[in-house]
Amino acid sequence: MRLGKEVQTLPRHALERRLSPPAGTVRVVAAALVAGGRVLIAERPQGKHMAGRWEFPGGKLAGQESESQALVRELREELGVELIEGRPMMRLTHPYADRTVQLSLWVVERFRGEPRGLEGQALKWVEPARLPEQDILEADRPFIAALVEWLATPTARKDLHGCR
């Protein structure tokens, strides 16, 4: 898989910026919840854009909300879990025919509660190596190879536990 210029791996201690995206761009934060060596993905419910496809859970940033604030809110509203620790892993911009999505993926290995689909979405835990086999949204696909590599790197996983 070739990752283009539109993909940006975030530095170890990335600072969040509250920049206004270009007009027509939707800012989204997503979470790769990791537990027991597996990653949680969610099916987009009926009635939503691209219903039936799989994605990393998350959602749009509201107003001047930071990525971390949106992540805490989205995990609570969508999955019923409380974020304990998470780390930004990668950011990208993906153009769809009808919109452009500016997407940031955070790795979350510490959370409180059992994830459940509070918006009617199906959830499933998948081994990282099996993520490419899932019908994951095009915007989330570049995250897969990076996530598999990141999770296989012991120092990256160790660093996460020191991040607040």
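**Notebook: chain, aromatic pair, one arginine**

I began with burial and noted that 46% of the 164 residues of the chain count as buried, where buried means under 20% relative accessible area, exposed over 50% and partly exposed in between, with a 1.4 Å probe and protein chains only. I reminded myself that this is a predicted model, in which local features need pLDDT of at least 70, side-chain atom pairs count only at pLDDT 80 or more, and totals for chains, interfaces and linings use all residues. Residues are numbered from 1 along each chain as its sequence is written, and side-chain values use heavy atoms, with hydrogens and water left out.

Next I looked for aromatic pairs, meaning rings of Phe, Tyr and Trp (its six-membered ring) with centres within 6.5 Å, called stacked with planes under 30 degrees apart, edge-to-face over 60 and tilted for the rest. I found one such pair. Phe-56 is buried at a relative accessible area of 2%, and Phe-143 is buried at 0%.

I then turned to Arg-73, which counts as buried because its relative accessibility is 15%. Its side chain makes a polar contact of 3.0 Å with the side chain of Glu-74; a polar contact is a pair of N or O atoms within 3.5 Å, where within protein one must be able to donate a hydrogen and the other to accept it, and residues adjacent in sequence count only if both atoms are side-chain atoms. Leaving aside neighbours within four places in sequence, I listed Lys-60, Leu-61, Ala-62 and Glu-65 as in contact with Arg-73, contact meaning heavy atoms within 4.5 Å.
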